[in-house]
Amino acid sequence: MVNCVVCGRRAVYIERSSGYAYCERHFLKLFSRRVKRTIRKYGLFREREDIVVAVSGGKDSLALLHFLLKLSKKVRGWRVRALLIDEGISGYREVTKKDFIKFAEEWGVEYRIASFKEEVGLSLDEMVEEGRRRGLPYLPCTYCGVFRRYLLNKVAREMGATVLATAHNLDDVIQTYVMNVIVNNLDKLSRLGPKTGVVKHPKFVPKVKPFYEVLEKEVALYAVLNNIYPSFTECPYARLGVRWTIREMINKLEEKHSGIKHLTLRSLLRIISLIGGSQEGEGGPATCRLCGEPSAHEVCRACQLKMGLGLIRP
Ligand code: SF4
Ligand SMILES: [Zn+2]
Ligand SMILES: [Zn+2]
């Protein structure tokens, strides 16, 4: 039996990079300390905030909602609500949506659900089908990522959010970092900071990542220890994306060379500071001439995809 380095009780977690083991109570303390440190270090929230948490119904986003709801009890100026984007992925999103609604009702959280079908015109499954029919070169994750980001910003703004919190953890961030480097999307690296979108466009809701410095497995353990057990489902498109392969590759590297994930995050932060700071963000200073949303180009990525799918006229 491995014992907690603080109190000697049975350990539930061993941190491989330090070799320290922690019991349930001291793991939860450590986790909470780390997330609060991230919040303080990068100034993620102010004293008065209308926080909207982007949720999927999976363990990561429910863990973040749980963490911020608990923390908001101590910060009088915070209001915490949730926003779920229903992409329309059959056999998957219905399940996680049900898990989210159950959690929200238990915790009395106000929320809004916005769907691709209603807001964009097609569900993700229909987009994939239509894209194939039209010979478009995109993977499902491309439509999903572009329209999800678009709707999160638009609907969070409609809800009156002053900040949008996403559950991206250290693993997610470094996977996206490596992926963007490999596919030559270096211009997207600035959106990988812990806080983005502060200075770019008045219609852009700033985004923050409170789990930026904790590992995916630590978030999963936080969820389990707080009795958050969403159904285990995997998006049917997940294994088609480049991210899946990169995720496996980084996990193998970490197994062999423990600490490599934290090192990669440090490398990313250094690059972000070299290319202009983490306060920049996705979208851009321009306004899309078709939909009026923030955009890096004359026509935003969402409208470009809509044109490709025949949802709006070129
Ligand atoms: S795996 Fe791809 S398609 Fe599935 S939810 Fe994630 S981004 Fe969307
Ligand atoms: Zn202990
Ligand atoms: Zn647009």
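Student: At what angle do the axes of helix α7 (residues 170-182) and helix α10 (residues 260-274) cross?

Tutor: This is a predicted model, where local features need pLDDT of at least 70, side-chain atom pairs count only at pLDDT 80 or more, and totals for chains, interfaces and linings use all residues. Residues are numbered from 1 along each chain as its sequence is written, while chains are lettered from A and ligands numbered from 1 in the order in which they are written. Axes are lines fitted to C-alpha atoms, for helices over the stretch in contact, and angles run from 0 to 180 degrees between N-to-C directions. The axes of α7 and α10 come within 10 Å, and their crossing angle is roughly 60°.

Student: Which word describes the way α7 lies to α10?

Tutor: Helices (H or I, at least four residues) and strands (E, at least two) are DSSP runs, numbered from the N terminus. Angles under 35 degrees count as roughly parallel, over 145 as roughly antiparallel, 65 to 115 as roughly perpendicular, and the rest as oblique. The axes cross at roughly 60°, which means that α7 to α10 is oblique.

Student: What is the hand of the crossing of α7 and α10?

Tutor: A crossing is left-handed if the near helix is turned anticlockwise from the far one by less than a right angle, and right-handed if clockwise. For α7 and α10 the crossing is left-handed.

Student: Which residues of α10 make the contact with α7?

Tutor: Two residues are in contact if their C-beta atoms, placed from the backbone, lie within 7 Å. From α7 come Leu 170, Asp 171, Val 173, Ile 174 and Tyr 177. Their partners in α10 are Lys 261, Thr 264, Leu 265 and Leu 268.

Student: How many charged residues does the contact of α7 with α10 have?

Tutor: Ala, Val, Leu, Ile, Met, Phe, Trp, Tyr, Cys and Pro count as nonpolar, Asp, Glu, Lys and Arg as charged, and the others, Gly among them, as polar. This contact has six nonpolar residues and one polar, and the number of charged residues is two.

Student: What is the hand of the crossing of α5 and α6?

Tutor: Helix α5 (residues 124-133) packs on α6 at about 130°, with the axes 9 Å apart. That makes α5 oblique to α6. The crossing of α5 past α6 is right-handed.

Student: Which residues of α6 meet α5?

Tutor: The α5 side consists of Leu 124, Met 127 and Val 128. The contact divides into six nonpolar, no polar and no charged residues. In α6 the residues met are Pro 140, Tyr 143 and Cys 144.

Student: Which residues of α11 make the contact with α6?

Tutor: Helix α6 (residues 140-158) and helix α11 (residues 301-308) pack at about 130° with axes 9 Å apart, and are therefore oblique to each other. Their crossing is left-handed. On α6 the contact uses Tyr 143, Val 146, Phe 147 and Tyr 150, and on α11 it uses Arg 301, Ala 302 and Leu 305.
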